[in-house]
Amino acid sequence: MSSFLFNLFLKPAAPPAPAPATANGGALQQQPHVPYNIDWIFPRLRRPNRLWHIASAGVIGLVGFVSKIVIVWLNKARVHNLEVLENALEHRPKGKPLLTISNHHSCFDDPGIWGLLDTHRLLKLRNVCSRNVIRWSMAAHDICFTNKTHSLFFMYGKCIPVVRGAGVYQPAIDLCIEKLKLGDWVHVFPEGKVNMTKEDLRFKWGVGRIVYETPTLPIIIPIWHIGMDDVLPNEPPYFIRTGKKLTYNFGNPIDLSALMERLRSAPVNEEEARKMITDAIQEEMMILKQQTERLHSDYLKS
């Protein structure tokens, strides 16, 4: 079972072959490479049937339990303000959407982060292993959705295939907005990829479109974590490590109500609106990053 989970869920896929360039107004543009047809996945995620619900409950329960073992029991996680997220999961008004945003340092960030949920309820696991509670999350089409077996596994894990390089108007972003309209929880990595160099990347505008086009402003919770790439490194050999010191910091909800009111009362074009929202989120995330780096430094010294 462990080797199955490793090969199916954790082992990164080989880099995709370069896609051919096409002409666009005289200029050559590199087209996103789609190694496997993912069109059939979106209708199933949009209107899941009974079989999907049964399979999803099994995958999410298994992955949630494994994530808790790895993060909470086999490593040394220090967690700050987890109650911010758990309160939102359990007490937000019905129909109120929840959007979490975090940095992306390892392929195990998601689901690893969610192994922290229910830390004080080890026998209940009502959030981390619940199909009805756990997040929807975008996952790279060229890593997680390369064949039918992988696609089914990640689809049942409530992952949405996103085509990196295809822009903000693509089915993955559309589906995230639809799920938020239903009051669900959606998680986004706004860096758009695993940031192996940990540089300050400009956030992708997809998160700005998600917030701008969701009719009810979501609760937006920022998360910064350090150490996940020590648990599952980004270079071979790819296997889970133990005994690592990890720091997780859940920030207070980002209040964009004033900004959204300005955008509604004095409309700008959609591109500018997406940029303003994304910039505001990134500014708050950079503050959280600095706080978390100090907390992690203190943890390493202890």
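**A mixed sheet and its helical neighbours**

In this predicted model, seven strands build an open sheet of mixed pairing, ordered E3-E9-E8-E4-E7-E5-E6. Strands (E, at least two residues) and helices (H or I, at least four) are DSSP runs numbered from the N terminus, and two strands pair if DSSP finds at least two bridges between them. Strand E3 (76-80) and strand E6 (159-162) stand at the edges with a single partner strand each, so one side of each lacks a neighbour in the sheet. From one strand to the next, the twist averages 25 degrees.

Further into the order, strand E4 (residues 98-102) and strand E8 (residues 219-226) pair in the parallel sense over five bridges; Ser102 has Ile223 in E8 as its bridge partner. Helix H8 (residues 171-181) packs on the sheet, touching E4, strand E5 (136-140), E6 and strand E7 (185-188), where contact means heavy atoms within 4.5 Å. The direction of H8 makes about 150 degrees with that of E6; angles run from 0 to 180 degrees between N-to-C directions, and axes are lines fitted to C-alpha atoms, for helices over the stretch in contact.

Turning to a helix pair, the axes of H9 (residues 206-213) and H12 (residues 270-301) come within 8 Å and cross at roughly 105 degrees. H9 is therefore roughly perpendicular to H12 (65 to 115 degrees; under 35 is roughly parallel, over 145 roughly antiparallel, the rest oblique). Among the contacting residues are Val207, Arg209 and Tyr212 of H9 and Ala273, Arg274 and Ile277 of H12. The contact divides into six nonpolar, two polar and four charged residues (nonpolar: Ala, Val, Leu, Ile, Met, Phe, Trp, Tyr, Cys and Pro; charged: Asp, Glu, Lys and Arg; polar: the others, Gly among them).

Residues are numbered from 1 along each chain as its sequence is written, and side-chain values use heavy atoms, leaving out hydrogens and water. Local features need pLDDT of at least 70 and side-chain atom pairs count only at pLDDT 80 or more, while totals for chains, interfaces and linings use all residues.
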